[in-house]
Amino acid sequence: MNVVVWARVSSREQKEGYSIDAQLRACRGKAKREKWQIVREFAVAESAKRGAARAEFNRMFTWVKKNARKEGVEAILSHKLDRVCRNLRDAVRLQELEDACGVRLLFVENQFGPGAAGQFSFNVMAAVAQYYSENLQAEVRKGMDEKVRQGWLPAHAPYGYINVPGNRQEPIQPDPEKAPTVVRIFLLYAQGTLNLVSLGDALAEERRIYRPTQPRFTRTTLSYIRINRFYVGEIKWRGETYPGKHQPLVNQELFDTCQEILNGRTRRTSNPQHELSGGLFRCAICGAAITGERIRRPLADGSVRDHIYYRCAKNHRGPDHPVVRWRARDLEEAVAAELEKLRMPSKEVAEWFRKRLAEAVADRTACRRRRRLDLLRQQAEVKRSRDRLLDARIAGDVDAPTFRAKKTELEGRLREIDRSLHSADTNSDGTAAPWGDISGATGDISEGTGDMALVLFDWSQQAADLWRGSKNGEKRDILDALSSNRLLSDVSLVLEKRRPFDLLAERPSCQSGRGDWI
């Protein structure tokens, strides 16, 4: 007798000790003992929920129905009933196959007798298999929903994060290699000058890869990253949003800026003549983007002069909306005037302020150094305690429950110390810096350096001069580093400065010991 072998195992059952090889071995042994001829073998090692098993089952069903007479197939051999029938629908289809083609079901372990009693047993077993499958699905869904309510994603972590199996306190953590790339994607897109294709080009130039088998970031991948609220600490699950306990990679302000660009509230531009457009400024009245336009005016001698203007991009404005339209030169001077507010009133005052700032930085650096040494001392003590605990367990002085409880406590203390050391070393919480990507504007600053405050102060004192002498891209970097929001009305420019620039611009007047006001 010719038979077709069918084997299936889900990912869950694979972990519990079952395997495709074991099923195939059992089926081949059964066929050999009964002197059956195996015509073809079908096997799938995926969960039926994902569709792969159903696709393979349908392929097997179609092949048998088409080739039953040609190949002389008389039966489908499987290890057990629930390997081939996980629901009543499949059982009915296989019974119809037997009626139409004479292909019956045979099993290594389950045997059903002839007649009504055998059919009844078959139907009962098929119903039990369906109940098991549906109940397992409901229990898995219940467990996943509960995990979401506890603040953790019950699935594979998105790009920029890694799953840490066995870590119940923090099962999803930022990937040290990929997390900075996620932050960079949001920072680049928030500039408003790049679409998804050019964003992918920029990442490729910086040699940032998506995965080894697919180094380049595709449009689909970047679009998914750009709208994924997981990166701001939220979990979207079954149409609802839950607060997550994982560490966010970007702050809410940066994420919202990217969504506004995506939804069209700001507009991109690749025109180098309109260097201050593309969402860099917004209309203070309606919130729309400020866009650039070029006006060409003929002169008396026959030549043409170009004039660049920046205006509100909203084409259909209400009657209460004034005309927001600035000449390029006036807008650049207005920005320069805002940057001049950062400059100290005199060189003497600037030197005095810098000296006091250097003293404060030195005090903080010394404090952090003492803090780090104390953490290293605590870490060494906990490791010694862990080693002594292990020695006591080997010697039999500590029983197994006490050993496990104490070991868990010590490992928890070590993780807390490691996190504190990481915070002390980097001075970062993993999110974007509050002043944006200032490295492109200053050229010599890196986050985490002890003299960052001094570098920021020195840069602020020459920010206006840098603005007047910078090229297009550099001006955008200066504005992004300096301010979080830039509003333009018909008469004024408002720059909402980031810290610490807002403190420098709004410094209170104070009287020196000589009676001078600064």
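This is a predicted model: local features need pLDDT of at least 70, side-chain atom pairs count only at pLDDT 80 or more; totals for chains, interfaces and linings use all residues.

**The parallel sheet**

Let us begin with an open sheet of four strands, arranged in the order β2-β1-β3-β4, with parallel pairing. Its edges are β2 (37-44) and β4 (104-107), each of which pairs on one side only. From one strand to the next, the twist averages 25 degrees. Strand β1 (residues 2-8) is joined to β2 by seven bridges in the parallel sense, and V3 stands opposite I38 in β2. Helix α2 (residues 20-34) packs on this sheet and touches β1, β2, β3 (73-78) and β4. The direction of α2 makes about 160 degrees with that of β1.

**The mixed sheet**

Another open sheet has three strands in the order β9-β13-β14, and here the pairing is mixed. The edge strands are β9 (282-283) and β14 (493-497), each pairing on one side only. Two bridges link β9 with strand β13 (residues 483-488) in the parallel sense; R282 has L487 of β13 as its bridge partner. Helix α11 (residues 328-340) lies across β13 and β14, running at about 40 degrees to β14.

| Strand pair | Sense | Bridges | Residues facing each other |
|---|---|---|---|
| β1 and β2 | parallel | seven bridges | V3 and I38 |
| β9 and β13 | parallel | two bridges | R282 and L487 |

**An enclosed helix**

Now for helix α7 (residues 179-190). At 1.5 Å a residue, its 12 residues should span 16 Å, and the end C-alpha atoms are 17 Å apart, which agrees. Because 10 of the 12 residues of α7 are buried, the helix is largely enclosed by the rest of the structure. Among the buried residues are V182, V183, I185, F186 and L188, and also R184. What covers the buried residues of α7? The cover includes β6 (172-174), α8, α9 and α10 (252-262). Just after α7, G192 takes a positive phi of about 80 degrees.

On the α8 side, L196, V197, L199, G200 and L203 make the contact, while α9 brings R219, L222, S223 and R226. By type, the residues of this contact divide into five nonpolar, two polar and two charged.

How values were computed:
Residues are numbered from 1 along each chain as its sequence is written. Side-chain values use heavy atoms; hydrogens and water are left out. Contact means heavy atoms within 4.5 Å. Ala, Val, Leu, Ile, Met, Phe, Trp, Tyr, Cys and Pro count as nonpolar, Asp, Glu, Lys and Arg as charged, and the others, Gly among them, as polar. Two strands pair if DSSP finds at least two bridges between them. Axes are lines fitted to C-alpha atoms, for helices over the stretch in contact, and angles run from 0 to 180 degrees between N-to-C directions. The expected span of a helix is 1.5 Å times one less than its number of residues. Buried means under 20% relative accessible area, exposed over 50%, partly exposed in between (1.4 Å probe, protein chains only).
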